[in-house]
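Please read them with the sequence and the structure side by side.

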Amino acid sequence: MKTISYYVIFIFINIQLNSQWFTQSLPTNTFLSTVTIIDDNICIAAGNTGTILRTTNGGLNWVIQNSGTFEYLLESFHPFNGTAVYIIGVNGIIRKSINNGSSWLAVTSPTSQYLYAIHFSDDNYGFIAGDNNTIFKTTNGGNNWIQLTSPLPSNASLSSMDFIDYYTGWVAGTTNQPAVYYLIHTTNGGASWDILPNTPQGYSIDIGFNNQFLFYEHWLNASYTIHRSTNWGNSWTQVNVPPGVDSISGDGISRIYCRNPRKIWVATSGNTSPGIFLTTNYGQSWTRQLYGDINDIDIGATFQTGWATNLVTFNNTIYKTTNGGITSIEPNGSETPKGFALYQNYPNPFNPVTNIKFEIPKDVNVSIKIYDLLGKEVFSINEFKKAGSYEVQFDGANFASGMYFYQITA
């Protein structure tokens, strides 16, 4: 393994190495708790005081929608290939749009409990869940609700869910005093549920399924972990968490997105390592795509367009990517270098783009990291590359002016 630490990046403007996630301009500073992508141009965000925002032009403009409520909106969902959008929140609030968020209808709620989890397989068939073991199902778009019988204690809080079709799904729940953590599973659309006996202990943050594995994020004793199951949740293997997400730093995981069979995104928040991370090897290693407190993330059906909400109470931001958040390492020339080399970034100083050139004499995994003067990692990219000369281009915003070091490991 060859490691080269080199040179200093001088930044005289505010610049953040944010990979390919770009900040959106919003008409409100209201806290936004959830974001849902409709397509490459249409996105919905919602949060406190009944706030719903919508863009129809890829984020160039955001319009405040009339939700008809001041209740706190917690979670949203849009089924693939549908036109409906559902939003749930405190006190059993449910809002629905049948035109991709252009207008909103009040749905008669079957409960006054806080609702945290939602999934719809199409515009009409879906589930909601929340406090006090509350779980309901609808087959007609919320016109009627069927209360389902969960095997968990009556004080269980159901915090997240995911389904792979109309019948097979999982719901995560927690009880307090004593603290017990559960994962329940159905294969018949909620008519019956099984408690999975080997569920990793810890408060459920999020659960997600791709076409191969089930992923489960949870929190226990101030430590965040991610587990993977290859057999529908009957047994689990712990995988690595993004760097800096641990009990000491206070950083935590807020969301996992794993619909893509090869790419998994995780949103984190905290003091040391907040941001968006991507793994392409099921958690063996992670690449940071964005630095900042992230509350929610959603990626589109092509896994290129994505949106994320920033976890800052009075200065909220929505980020967007159009290429899956990837900062690519581009080839530069066709000759095979004779040795490893890392060059001074140019221009230096820069405003707002700089390039880093390096050479590798053989096929190898390349890791580039950037650190501030305190040694804190603020950006990283990790890709396998064939022998050759390459350049990495960085562009971003909202990073403190100063001196930064970059390092290549190959």
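What percentage of the 410 residues in the protein chain do buried residues make up? Buried residues make up 57% of them, where buried means under 20% relative accessible area, exposed means over 50%, and partly exposed lies in between, with a 1.4 Å probe and protein chains only.

1. Basis of the note. This is a predicted model, in which local features need pLDDT of at least 70 and side-chain atom pairs count only at pLDDT 80 or more, while totals for chains, interfaces and linings use all residues. Residues are numbered from 1 along each chain as its sequence is written, and side-chain values use heavy atoms, with hydrogens and water left out.

2. Overall fold. The protein chain has 36 strands and 0 helices; both kinds of element are DSSP runs numbered from the N terminus, helices being H or I with at least four residues and strands being E with at least two. Among the contacts in the protein chain with a separation of 6 or more, 51% are between residues 24 or more positions apart, contact meaning heavy atoms within 4.5 Å. The chain exposes about 16900 Å², of which carbon and sulfur atoms supply 49%; accessible areas come from the Shrake-Rupley method with a 1.4 Å probe, and for residues only the protein chains shown count as cover.

3. The structure holds 3 salt bridges, each defined as a side-chain nitrogen of Lys or Arg within 4 Å of a carboxyl oxygen of Asp or Glu. Arg 255 pairs with Glu 75, with the closest N and O atoms 2.7 Å apart, and this pair links distant parts of the chain, since Arg 255 belongs to strand β23 (residues 252-257) and Glu 75 to strand β7 (residues 73-77), 180 residues apart. Arg 255 also meets Asp 296 in a salt bridge, again given as 2.7 Å from N to O, and here the link runs from strand β23 to strand β27 (residues 294-299), across 41 residues.

4. The remaining salt bridge. Lys 386 and Asp 363 meet through their side chains at 3.9 Å, N to O. This pair links distant parts of the chain, with Lys 386 in the loop between β34 (377-385) and β35 (388-394) and Asp 363 in the loop between β32 (354-360) and β33 (364-371), 23 residues apart. Lys 386 is exposed at a relative accessible area of 54%, whereas Asp 363 counts as partly exposed at 42%.

5. Surroundings of Ala 308. Ala 308 is placed in strand β28 (residues 306-310) and counts as buried at 0% relative accessibility. Leaving aside neighbours within four places in sequence, Ala 308 is in contact with several residues, including Trp 21, Val 35, Ile 276, Asp 296 and Tyr 319. The C-alpha atoms of Ala 308 and Ile 276, which are 32 residues apart along the chain, are separated by 8.7 Å.

6. Two loop positions. Ser 150 sits in the loop between β14 (146-147) and β15 (157-163) and is buried, with a relative accessible area of 10%. The side chains of Ser 150 and Asn 133 are joined by a polar contact of 2.8 Å, a term for a pair of N or O atoms within 3.5 Å in which, within protein, one must be able to donate a hydrogen and the other to accept it, residues adjacent in sequence counting only if both atoms are side-chain atoms. The side chain of Ser 150 also reaches the backbone nitrogen of Leu 152 at 3.2 Å. Ala 84 lies in the loop between β7 and β8 (85-89) and is buried, with a relative accessible area of 3%.

7. Cysteines. How many disulfides are there? The count comes to 0 disulfides, a disulfide being a pair of cysteine sulfur atoms within 2.5 Å. Cys 43 is buried with a relative accessible area of 0%, and Cys 258 is buried with 3%.
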